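Hello,

Here is the structure I promised to pass on to you. Could you have it open while you read my notes?

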Amino acid sequence: MLTEVAHDGALLDSIAEFCRRLGMAESTFGRRAVNDGKFVARLRDGARITPETLERVSLYMARHGAAAPSAPPELRKLIRVGGRREAPAHSASEGAPSRNFRFFDNRQKYLLFVSTCGEKETIARRVGMELAHLHPRPPAVRVFDAGMGDGTVFTRVMREMHRRFPTMPFYLVGKEISLEDVRLSLAKMADRFFEHPATVLVVTNMYYSEAPWLAPKALSAASSLLWHEVPLAGGTAHEFSEQISALEPFLARNWQARHSPKTGNPIYERPVVLVLYRDDFRFLLDDVIPRQGKARADYDLVMASQPYRARVPAEFKASKVIAPLARGLGPGGRLLGIHSCGRDPGLEIVRKVWPEEDPFRTGRHDVLRAVRAELGKEGRHYNFNAYSDARAVFRYDMHTLPTEVSESIGTSTLFAAWNAAVYVAQIDDERLAAVLGERRYLDATREVLQSHGGLWFLDESYVVSRKRG
């Protein structure tokens with residue numbers, strides 16, 4: 001996903017000076033540099049800018065003999081010069097990196113998708129099916145969520161876990177680097193601690209290769225690890241909620257991120273492990289509560305729902321995400337991977353605007369082949385299950401009223417459907433800006449909705465399981 005960062009006034013000053021020198025209108029600059037005539041106006045209104053957009057601006061100005069635009073240090077390090085990345089002028093510790101930035105191409109786009117489509121509820125039901133195949137061992141049922149998001153899937157799975165394993169202790173670990181999503185997730189947890197008191201919940205911002213073990217790999221990161229244990233007092237959901245809300249200053253102070261100077265992806269400033277459990281169950285949970293430097297993985301279930309961008313190669317998905325998570329499975333443990341696969345009305349909408357668009361280039365079979373190759377000799381300890389389409393592929397719908405999809409579809413419904421289609425296909429904001437000034441994207445959305453009587457999307461799943469022997 002693209003990462004947006006606020007710019008400073010120097011970037012606008014560079015663009016203004018460039019336009020003054022060439023006698024060019026700012027709208028013309030926007031159209032020629034990034035195909036968006038309102039680009040500069042958006043910047044003046046406080047819009048954020050991605051490293052990719054800054055790169056395009058820099059290349060356009062360079063072709064006209066101007067220097068790269070002034071920008072914040074964390075973005076300046078990401079500009080490509082002559083086909084290479086510009087070497088950072090300062091170390092990562094120097095300057096003031098932008099922190100706690102938003103993680104989706106557009107946060108509002110994400111929130112609208114979550115509230116109008118049923119993907120999370122459908123994924124939670126698919127994960128619930130996997131619980132029937134678990135064979136947990138003492139002292140707890142161990143589950144790892146490889147991307148908590150806003151916590152909707154995790155909390156729904158916790159409810160199903162309580163139904164299936166009502167008396168067993170739970171050890172639950174969630175990975176999430178976004179401060180906003182950690183806040184949303186924790187806000188949903190008070191009721192879970194009330195219903196299932198024998199629960200240890202761990203939240204961390206570490207990488208996929210570190211989070212299952214709660215242990216950073218780099219020595220510098222390990223030495224700066226912040227381990228924070230929170231025994232929740234009381235016995236009501238209200239008391240737990242108040243104590244969880246009181247963690248806001250701690251999260252704002254420590255759940256901070258910056259850009260990787262190599263990839264531009266968000267990375268933590270310092271690794272954090274937050275451990276929550278009920279104080280009145282501390283005795284029962286003594287063997288479940290992780291200790292710094294002594295935590296183990298051995299998970300019964302790993303949930304990997306949309307853990308990577310659709311367009312990255314299968315080899316990247318395998319080496320950076322799925323293979324490290326598979327290594328965290330215990331004997332008999334199961335990793336459930338889920339990602340979008342296209343072949344649905346949502347992709348039809350996108351292709352009516354961009355006919356050659358192909359965001360879902362690697363399917364579950366490609367990912368599993370790459371995981372098997374990445375694991376090498378270790379692969380003999382695992383089973384790789386792609387299953388048939390009848391089991392692996394599932395559908396979720398956009399929520400609409402029975403009368404909304406008719407000959408006359410309301411603009412709000414069209415906007416919600418368009419937003420969902422471009423969010424799932426991961427169309428970046430720059431390309432969106434180029435078509436939003438026309439009506440054809442709404443016409444395309446209306447045509448598809450009327451043709452199918454609604455809007456739905458397809459996800460596909462696969463399982464990597466560790467052999468019990």
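Below is what I found, beginning with the overall picture and then moving to single residues.

A word on the basis: this is a predicted model, in which local features need pLDDT of at least 70 and side-chain atom pairs count only at pLDDT 80 or more, while totals for chains, interfaces and linings use all residues. Residues are numbered from 1 along each chain as its sequence is written, and side-chain values use heavy atoms, with hydrogens and water left out.

The chain has 20 helices and 14 strands (DSSP runs numbered from the N terminus, H or I of at least four residues for helices and E of at least two for strands). Of its 469 residues, 54% are buried (under 20% relative accessible area, with exposed meaning over 50% and partly exposed in between, for a 1.4 Å probe and protein chains only). Taking contacts (heavy atoms within 4.5 Å) between residues at least 6 apart in sequence, 81% link residues at least 24 apart.

- Ile 123 sits in helix H7 (residues 119–131) and counts as buried because its relative accessible area is 2%. Past its neighbours within four places in sequence, Ile 123 contacts Val 153, Ser 305, Ile 338, Phe 394 and Asp 459. The C-alpha atoms of Ile 123 and Tyr 396 are 8.8 Å apart, although 273 residues separate them along the chain.
- Asn 419 belongs to helix H18 (residues 411–424) and is buried, at 9% relative accessible area. A polar atom of the Asn 419 side chain is 3.1 Å from the backbone oxygen of Lys 109. Leaving out neighbours within four places in sequence, Asn 419 is in contact with Lys 109, Leu 112 and Phe 113.

The backbone has some points to check as well. Pro 138 and Pro 139 are joined by a cis peptide bond, with omega about 10°, and Pro 139 is in the loop between H7 and strand E3 (141–145). Gln 306, in the loop between strand E10 (299–305) and H14, has a positive phi near 50°; this residue is partly exposed, at 29% relative accessible area. Arg 343 also has a positive phi, near 60°, and lies in the loop between strand E11 (329–340) and helix H15 (345–353). With a relative accessibility of 54%, Arg 343 is exposed. Just after H2, Asn 35 has a positive phi of about 60°. Within helix H2 (residues 26–34), the buried residues include Phe 29 and Val 34.

Happy to hear your thoughts once you have had a look.

Best wishes

Notes
Polar contact = N/O pair within 3.5 Å; in protein donor to acceptor, adjacent residues only side chain to side chain.
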